Amino acid sequence: MANDSITVIESAEQYNELVNSGKTTIIDFWADWCAPCKAIAPRFEKLAQSNDDGNLIFAKVELDMEDPNHWTGPVTQELKVVSIPHFVALKNGEKIGAKKGSNVDLAGFVSEIKASE
């Protein structure tokens, strides 16, 4: 589902490394069974492909709701991800913005995040 413009985060270590890299990271929290997540995925991928800002990273985290011990549990609790799709922007490990739902203006969200830097 992801492309070369999107980093697929598969572990807590990888997540921590990415969000503490000094670059702004926009993460799409999604699940394979989530139809709205699949509906908005092409828009997220298009924004990632057109990204020419070396300080902005696009990433995806697939949530595993079946496994209560999955590494994503503490991350989603900390970031207050209670529904999906959910898009969170982080810089230096701190949450700097979030949007949720499949009708969100992703391009506007990305523009807001870039303007806040």
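**Reading the terms in this model**

Modeller: Lys-80 lies in the loop between helix H3 and strand E4, where helices (H or I, at least four residues) and strands (E, at least two) are DSSP runs, numbered from the N terminus. This is a predicted model, in which local features need pLDDT of at least 70 and side-chain atom pairs count only at pLDDT 80 or more, while totals for chains, interfaces and linings use all residues. Residues are numbered from 1 along each chain as its sequence is written, and side-chain values use heavy atoms, with hydrogens and water left out.

Colleague: Which class does the relative accessible area of Asn-92 give?

Modeller: Asn-92, in the loop between E4 and E5, has a relative accessible area of 48%, so it is partly exposed. Its phi is also positive, near 50 degrees, in a residue other than glycine.

Colleague: What makes Pro-85 count as buried?

Modeller: The relative accessibility of Pro-85 is 1%, and therefore it counts as buried. Leaving out residues up to four places away in sequence, Pro-85 touches a set of residues including Asp-28, Phe-29, Cys-34, Ile-40 and Lys-100, a contact being heavy atoms within 4.5 Å.

Colleague: Why is Thr-25 called buried?

Modeller: Thr-25, which lies in strand E2, has a relative accessible area of 0%, so it is buried. Among its contacts, apart from neighbours within four places in sequence, are Leu-18, Ile-57, Val-88 and Leu-90.

Colleague: How do the axes of helix H2 and helix H4 cross, and what is H2 called relative to H4?

Modeller: The axes of H2 (residues 35-49) and H4 (residues 106-115) come within 10 Å and cross at roughly 40 degrees; axes are lines fitted to C-alpha atoms, for helices over the stretch in contact, with angles from 0 to 180 degrees between N-to-C directions. H2 is therefore oblique to H4, since angles under 35 degrees count as roughly parallel, over 145 as roughly antiparallel, 65 to 115 as roughly perpendicular and the rest as oblique. Ile-40, Arg-43, Phe-44 and Leu-47 in H2 meet Leu-106, Ala-107 and Val-110 in H4.

Colleague: What makes strand E1 and strand E5 stand at the edges?

Modeller: Five strands form an open sheet with mixed pairing, in the order E1-E3-E2-E4-E5, and two strands pair if DSSP finds at least two bridges between them. E1 (6-8) and E5 (94-100) each have a single partner strand, so one side of each is left without a neighbour in the sheet. The twist averages 25 degrees from one strand to the next.

Terms used: Buried means under 20% relative accessible area, exposed over 50%, partly exposed in between (1.4 Å probe, protein chains only).
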